[in-house]
Amino acid sequence: MTSKLPKAGIVAALVLLSGVGAQQALTAGKPADSATVVRELYAAFERGDMVALEQLIAPDATWTYYGPPDKLPFGGTRHGPKGVAEFFATVDETLENPVAVQRAFIVSGDMVAVPGTEESTVRKTGIRYKADLVHVFKVRDGKIVSFEEFIDSGKVLLAFQGDGSAGIGGARAASAPAAGGARRPVDRSAGKAAFTTCLGCHGNDGQGRAYMHAPDLTGLDAEYLARQLTNYRTGKRGKLDDAHGFQMVGRATAIPGPDGVKAVVSYITALPKPQAAPVANRPVPAAIRAIVPTCAACHGAAGEGNAALQAPALDRLDADYIARQLVNFRTGKRGYHADDVAGATMAASAQTIPDRKAIDALAAYYGK
Amino acid sequence: MARFALWSRRRFLNAAAVSVPAAVALSACQGFSRPKAGSDAAALQERIAGTVVVKGDETYETWREAMIWQRAKANRRPDMIVQVESAGDVQEAVRFAAANGMKVTTRCGGHSMAACFLRDTGMLIDVSRLDGIAVDKAAKTAVVGPGVFCRGLAERLAEDGLAFPGAHCGTVPISGFLLGGGVGMNTNAWSSGMSVFAVNAVDIVTADGRLLRASAQDNADLFWAARGGGPGLFGVVVKFHLQCFDAPKVIWGATYVFAFDALDEVTRVMDEVVPRLDKDVETLVAIAAAPDVPFGEPPEKRQRIYLDVNAFVASEAEGRRKLTPLLDQPLIARAIERIENRAGNFDRYYSDNEASFPQGHWMGDAVWVDDPQAAMAVLKAHMPECPAPRATPVLLYMGTNPLPDAACSRIARFYLAYYMEWDEPAEEAASRAYCLKVFNALKPVARGSYINEMDQEGRPQDIHECYSPQAWKRLAALRGQWDPKGVFHGFYGES
Ligand SMILES: Cc1cc2nc3c(=O)[nH]c(=O)nc-3n(C[C@H](O)[C@H](O)[C@H](O)COP(=O)(O)OP(=O)(O)OC[C@H]3O[C@@H](n4cnc5c(N)ncnc54)[C@H](O)[C@@H]3O)c2cc1C
């Protein structure tokens, strides 16, 4: 699932004490004591070993970071190994260059408390914060059933909101850049300029906004993005009754010419890409077992896309968007123009999907 | 079928055929370079996470044009454009401007048809990346970034059973819309006629670079100015604290299309019947060209009248009941097309409405009127000479609420706007001249204008009429108090 997670993000979330290093392997058969499990968890984090990590999380585990989830993207409670993986993916997307200190492992029965500090730079604002925290674990049968992070999330939130007072030493990390490369490079490109007209719907980082019904653009190949923008600009996509597609006609037309399209596409393709949907690990639902091979022929075995066949990645898109497009392809709202060859191919393929249930199953199987 | 489908079809095709030359050669990757060391831009760039672009930069023209949402690009060039990432960036930028004697304007969605944020000198701060919606369901409030679009806000609030009087077009961000007053949805019932009266507080960066909360309790005079000061506001709003309302269970509505010869009767019904409807029934009339009738045909042949009514209600039965006094009118039988018994929601409303807001080249003007029949007579007299290929008057009933005390101080029973749209740059000058002529002729029946949609470029001398004389005076006095050194540009034409 998320075994490719970069280590930095993992460390940022569950901070590590450098001395936690060498761990004894968990003995098979007899469940390890709670402190051992917790130490093994930290070790797995440090190695970036998501497979080992996943095995330490109980299927019904709860994973809580105390902070407002609508403001701190990793705040709130998540469930099971999948939720934990998603937590780290989110942390990795939003924080960088973590430094961590753990002061003690305090054990009481099946509970382990780990006081410490965490220091990270918020990617979006460039502010580096250092916050006190306590991790509280509960262990059952050698697996973690609950994790709670009590952190000075007020400070973290201020750092996310661009409030320099939360920064280390009262100064914004951004005013003293360079060291450690904590900042993104300054981007004054024409692509970023043109992207101004995209971000209200697709998000500042191109990762989509559900509330605007706008898909994640990151991870889609350059030719596909350019082709769709051009389709919108030339009447090949975005019919009036394409409820959430029509407004793209105006926005795509606002991009200054074919060079502008090129520039904005190269900006988008350079944006950070969050994890793709773990399609390969998902069982294929019975309802779509007969259809999936057809999809895979163009879009790849795990929906990763195939630019040579003009087939976009599906594992980058959210399920709602995929379902909506399948409906559009089937109802003449997409792939209707003779010059949109790839779209017409897809429109024909979409006709073979039996029903709405299959559409939803396909969307859930491939989408995020 | 979208409600105003017919009228925009043609525009869509035209827009698709025109290709705009790139402003600059966008050769390789000009980004990822720092401003020249020691320059003004470099000094600011060092301090912020956003992007600083100055006149003379290779990509400046693309940035400048990107600030304007539509395709007609006003010919004015600020010295510096700063696209911010955070409130902290805004503070740094304002302090920098103050220290360097640059005058500041702000843009968010760049929807202002007059591009009033674009001046020939100073710094333009782009706050469009300041987003985020945090809802407090129990308190029925939301804290929202200026860059959030009205459609997105509606969608997010609906998850918690709440609603806010957003703009009628979904891609308008709350920012400039609210600061100028906001002719929003269902405002007659929700917010005393204008959306800004559902703003509880703003977080605003003032001329000295401080970030302040302004509300009825804190910095009340600044709050007074923020609620309607619009392009004359002396600060940058980085967050809006909104009062929300219980979401309607259904937006129950209907649309009727009439031939142009029904105009007098439609206007009479607007004037005499619509005001008797319940406050949560919103009624709007638009006049637009039928797509299949060529430009040049007289209005009676080419123009259609669209009467659109929506009740923001708890049930279909309530909707039906509330529409009855209007639907009982003999006028309704004259409709040549109709969509009835529409059980809508905000998503549908915004999808349907998208087509009616041109994203090509356009300008417009707007006035408040108490006597819509007199105003329509003026329009009707001028319409045959309209040089713009597409031109759309819109008449909206606003209600008769007294306005709370704020800079937003002008309203009337009706809102009358007129939008010109063209395809070729050569058509622009004539369209603008015609629009100006019409609105000069409307003056005797107008009760001032609406700052967010008036033709600030064509009628800068009338901008003060967007405010009551007392409010205009107080706004100027508060500017002197909050921005004594004139860090912020004044209204268009003032600086
Ligand atoms: C398609 C379309 C539909 C529209 N529909 C409606 C409608 O239904 N009802 C309605 O009332 N209006 C409507 N408008 C008009 C709209 O309200 C104005 O154009 C408004 O200015 C748009 O907000 P903006 O954030 O894009 O402002 P911008 O054009 O970006 O800025 C306009 C001015 O607002 C000020 N401003 C903006 N943001 C800030 C800020 N954060 N802090 C300080 N000052 C700021 C600046 O002085 C700036 O000069 C519509 C416009 C368009 C293009």
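Tutor: Start with one residue pair: Val205(B) has Val236(B) in E10(B) as its bridge partner. Keep in mind throughout that this is a predicted model.

Student: Which strands does that pair belong to, and how many bridges do they share?
Tutor: In general, strands of a sheet pair through backbone hydrogen bonds, in a parallel or an antiparallel sense. Here strand E8 (residues 199-205) and strand E10 (residues 236-243) of chain B are antiparallel, and six bridges link them.

Student: What is the strand order of the sheet around them?
Tutor: The sheet is open and has five strands, ordered E5-E6-E10-E8-E9 in chain B, with antiparallel pairing. From one strand to the next, the twist averages 15°.

Student: Which helix packs on this sheet, and which strands does that helix touch?
Tutor: H5(B) does, touching E5, strand E6 (141-144) and E10 of chain B. The direction of H5(B) makes about 35° with that of E5(B).

Student: How should I describe the packing of H5(B) with H12(B)?
Tutor: Two packed helices are described by the angle between their axes and the distance between the axes. Helix H5 (residues 150-159) and helix H12 (residues 346-354) of chain B pack at an angle of about 160°, their axes 9 Å apart. That is why H5(B) is roughly antiparallel to H12(B): angles over 145 degrees count as such. The crossing of the two helices H5(B) and H12(B) is left-handed.

Student: Which residues meet there?
Tutor: From H5(B) come Cys150(B), Arg151(B), Ala154(B) and Glu155(B); from H12(B) come Phe346(B), Asp347(B), Tyr350(B), Ser351(B) and Glu354(B). By class, the contact of H5(B) with H12(B) has four nonpolar, one polar and four charged residues.

Student: What about the eight-stranded sheet in chain B: what are its order and pairing?
Tutor: The order is E15-E12-E14-E13-E17-E18-E16-E19 in chain B, in an open sheet with antiparallel pairing. Strand E15 (337-344) and strand E19 (446-449) of chain B are the edge strands, each pairing on one side only. The twist of this sheet averages 20° from one strand to the next.

Student: How many bridges join E16 and E18 of chain B?
Tutor: Nine bridges pair strand E16 (residues 361-369) with strand E18 (residues 414-422) of chain B, in the antiparallel sense. Asp365(B), for one, stands opposite Tyr418(B) in E18(B).
Helix H9 (residues 263-272) of chain B packs on this sheet and touches strands including E12 (250-259) and E13 (281-289) of chain B. The direction of H9(B) makes about 160° with that of E13(B).
Helix H14 (residues 428-442) of chain B also packs on the sheet, touching E16, E18 and E19 of chain B, with its direction at about 165° to that of E18(B).

Student: In chain A, is the pairing of E1 with E7 parallel or antiparallel?
Tutor: Parallel: five bridges join strand E1 (residues 57-65) to strand E7 (residues 143-151) of chain A. Thr64(A) has Glu148(A) in E7(A) as its bridge partner. Strand E6 (residues 128-140) of chain A, by contrast, pairs with E7(A) in the antiparallel sense, over eight bridges. In the hairpin of E6(A) and E7(A), two residues lie between the strands, and Asp141(A) takes a positive phi near 50°.

Student: How do H11(A) and H14(A) pack?
Tutor: Helix H11 (residues 292-299) and helix H14 (residues 356-366) of chain A pack at about 45°, with axes 12 Å apart. H11(A) and H14(A) are therefore oblique to each other, and their crossing is right-handed. Val292(A), Cys295(A) and Ala296(A) of H11(A) make the contact with Leu362(A), Tyr365(A) and Tyr366(A) of H14(A). By class, this contact of H11(A) with H14(A) has six nonpolar, no polar and no charged residues.

Student: Last, how many residues are in contact between chain A and chain B?
Tutor: 51 residues of chain A are in contact with 61 residues of chain B. The area buried between the two chains is about 4800 Å², with carbon and sulfur atoms giving 55% of it. Arg188(A), Tyr211(A) and Leu240(A) supply 17% of the area that chain A buries against chain B, more than any other three residues.

Technical notes:
Residues numbered from 1 in each chain as written. Chains lettered and ligands numbered in written order. Predicted model: local features only at pLDDT ≥ 70, side-chain atom pairs only at ≥ 80, totals over all residues. Heavy atoms only, no water. Pairing = 2+ DSSP bridges. Helix = DSSP H or I, 4+ residues; strand = E, 2+ residues; numbered from the N terminus. Axes fitted to C-alpha atoms, helices over the stretch in contact; angles between N-to-C directions. Contact = heavy atoms within 4.5 Å. Parallel < 35°, antiparallel > 145°, perpendicular 65-115°, else oblique. Left-handed = near helix turned anticlockwise from the far one by under 90°. Nonpolar A, V, L, I, M, F, W, Y, C, P; charged D, E, K, R; others polar. Buried area = accessible area lost by both parts, 1.4 Å probe.
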